Amino acid sequence: MPDAFIKKQYEQFHLSPEVIAFAEKIESELYDRFQAIDRRAEANQLKVIHAMQVHRVSQECFQYTSGYGYDDIGRETLEKVYATLFHAEDALVRPQITCGTHALALALMSNLRPGDELYSPVGKPYDTLEEVIGIRPSMGSLAEYGITYRQTDLKEDGSFDYDGIRHALSRKTKMVTIQRSKGYQTRPSFSVDAIEKLIRFIRGLQPEVLIMVDNCYGEFVDDREPIEAGADLAVGSLIKNPGGGLAPMGGYLVGKKECIENAARRLTSPGLGKEVGASLGVMRSFYQGLFLAPVVTAAALKTAILAANLYERLGFFVLPGAGEERHDIIQAVTFGKPELLTAFCEGIQAGAPVDAHVTPEPWAMPGYEDPVIMAAGAFHQGSSIELSADGPLRPPYTAYFQGGLTYPSGKLGILMSLQKLLEKNLVHIDKIC
Ligand SMILES: *Cc1c(COP(=O)(O)O)cnc(C)c1O
């Protein structure tokens, strides 16, 4: 049982004693796994500090630049830090990249030319990329520029369809996109080892093809990153793992010099490339967020593991499974009914430090096909390294949630979600305890 001080604090949130007892029991079985995550965070923390020291990060790097942003030493140094950290030749890390979708669109649009083909060997990409690619017709899509797209679905068991991949790759294939994390799908996320195997196979058939990894939610979960597994380009969002909760916006690309140069010229303009882009005082939070990122990612992982164990014990399908190894910070819980999904999100919202008093409602989010319900009591709008949950309102009514800048705050959100389900009579825990 929790000590009196903690118990008193939990009571302020009107959590019932059975919810607290149930969670504490589950948590007590997870200490070994939590310790392994802390060790990984320790190693990744050293990796980050070392990269910062190598490039002599100094107070000067935090200065405010405006206008063109020529000679912004903070911006230039941060890009070197990212390049070193991710074992890449070069990096583009910018507040002008508005989100993960923008970073991915930038990578694709700048490195593909009319007549090229983009290929996904891992099935359908993340929802918002459907309009970028033109899978769903959209103004300005790659399809409008005469760039075609193909995909090979994963096999029934979630593994790569090597025969299908062999057939689909052709001389037209210019770029391959591999999504590390499952996103809004019920398929496994990939380890860096699995991605490496896939990349080796593809390179064996098409040595020249450009390979990009959508690295969203994967940073610092593993002991390696995609460039180390042979990718040419890895792309992500700064309001996910690498921003550590402090970066208020932004995205990054790391990879081959030429790929990064292409992207920089698309983001700014040919002739300007990486040389411009004011940082408006945001650099300190980019650095400090990156510094915190390994430990923040660990908090998110622990929160996800607690939730998986808790909801699996209650009889729900969870992905990854309670005992499974993690390759990203996303946890999916399949509820089967809309009212459970909604109640879960309401609970997550109710545990947040910001906007806990509001009730999330499904809405037609730009870039998504179905209405999405979203719990996001975050300091930065849409920041999903902070505890947040979302789910498209479509069968099988799966909640995807992620984050928790700290483990105790993540745990509170999970307890609140269970409390909501209990209050609405949607689950019963007395039978389990
Ligand atoms: C979040 C995410 C994106 C898109 O990022 P946004 O910042 O939401 O635009 C793309 N791919 C994956 C796998 C993601 O998790």
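Me: Which strand gives the most to the lining of the largest cavity?

Reply: This is a predicted model. The largest cavity holds about 40 Å³ of space. Its lining includes Thr-177, Ile-178 and Gln-179. The strand that gives the most, with 3 residues, is E4 (residues 173-179).

Me: How do the residues lining the largest cavity divide by class?

Reply: Among the lining residues are Val-122, Pro-125 and Leu-129, along with Lys-124 and Asp-214. Ser-120 and Gly-123 belong to the lining too. By class, the count is 4 nonpolar, 4 polar and 2 charged.

Me: How many cavities of 30 Å³ or more does a search of the whole structure find?

Reply: The largest cavity has about 40 Å³ of space. The second largest cavity has about 30 Å³. The search of the whole structure gives a count of 2.

Me: Which helix supplies the largest share of the lining of the second largest cavity?

Reply: Two helices each supply at least two residues here: H3 (31-54) and H10 (283-313). The lining includes Ile-37, Arg-40 and Ala-41. Pro-294, Thr-297, Ala-298 and Leu-301 also line this cavity. With 4 residues, the largest share comes from H10.

Me: How many nonpolar residues are in the lining of the second largest cavity?

Reply: Phe-220 is one of the residues that line this cavity. The lining has 1 polar and 1 charged residue. The nonpolar count is 6.

Me: What angle do H10 and H12 pack at, and are they roughly parallel or oblique?

Reply: The axes of H10 and H12 are 8 Å apart. Their packing angle is about 25°. Angles under 35 degrees count as roughly parallel. So H10 and H12, at about 25°, are roughly parallel.

Me: Which residues of H12 meet H10?

Reply: H10 passes H12 in a right-handed crossing. From H10 come Ala-299, Lys-302, Thr-303, Leu-306, Ala-307, Leu-310 and Tyr-311. The residues of this contact divide into 9 nonpolar, 3 polar and 2 charged. On the H12 side, the residues are Tyr-407, Gly-410, Lys-411, Ile-414, Ser-417, Leu-418 and Leu-421.

Me: Why is H2 called oblique to H12?

Reply: Helix H2 (residues 17-28) and helix H12 (residues 407-423) have axes 10 Å apart. They pack at an angle of about 130°. That angle makes H2, relative to H12, oblique.

Me: How many charged residues are in the contact of H2 with H12?

Reply: The crossing of H2 and H12 is right-handed. H2 brings Glu-18, Val-19, Phe-22, Ala-23, Glu-24 and Glu-27. H12 brings Tyr-407, Lys-411, Leu-415, Leu-418, Gln-419 and Leu-422. Beside 7 nonpolar and 1 polar, the charged count is 4.

Me: Are H3 and H4 roughly parallel or oblique to each other?

Reply: The axes of H3 and helix H4 (residues 73-85) come within 9 Å. They cross at roughly 135°. Angles over 145 count as roughly antiparallel, and 65 to 115 as roughly perpendicular. At roughly 135°, H3 and H4 are therefore oblique.

Me: What is phi at Arg-56?

Reply: Arg-56 lies in the loop between H3 and H4. Arg-56 is not a glycine, yet its phi is positive. The value is about 50°.

Me: Where is Pro-396 placed?

Reply: The peptide bond from Pro-395 to Pro-396 is cis. Its omega is near 5°. Pro-396 sits in the loop between E11 and E12.

Me: What is omega for the bond that joins Leu-319 and Pro-320?

Reply: Pro-320 is in the loop between strand E8 (317-319) and strand E9 (331-334). The bond joining Leu-319 and Pro-320 is cis. Omega is about -5°.

Me: Which residues lie closest to the centre of the largest pocket?

Reply: The largest pocket has about 1,000 Å³ of space. Helix H5 (100-111) and strands E10 (372-376), E11 (388-392) and E12 (398-402) each supply at least two residues of its lining. The lining divides into 21 nonpolar, 18 polar and 5 charged. Of the 44 lining residues, the closest to the centre are Met-365, Met-374, Gln-381, Gly-382 and Ser-383.

Key. Residues are numbered from 1 along each chain as its sequence is written. This is a predicted model: local features need pLDDT of at least 70, side-chain atom pairs count only at pLDDT 80 or more; totals for chains, interfaces and linings use all residues. Side-chain values use heavy atoms; hydrogens and water are left out. Axes are lines fitted to C-alpha atoms, for helices over the stretch in contact, and angles run from 0 to 180 degrees between N-to-C directions. A crossing is left-handed if the near helix is turned anticlockwise from the far one by less than a right angle, and right-handed if clockwise. Contact means heavy atoms within 4.5 Å. Ala, Val, Leu, Ile, Met, Phe, Trp, Tyr, Cys and Pro count as nonpolar, Asp, Glu, Lys and Arg as charged, and the others, Gly among them, as polar. On a 1 Å grid over the protein atoms alone, a cavity is a set of points where a 1.4 Å probe fits but cannot get out, and a pocket is an open set with protein on both sides within 12 Å along at least five of seven lines; lining residues have an atom within 4 Å of a point. Grid points are joined across faces, edges and corners, and a volume is the space filled by probe spheres set on the points.
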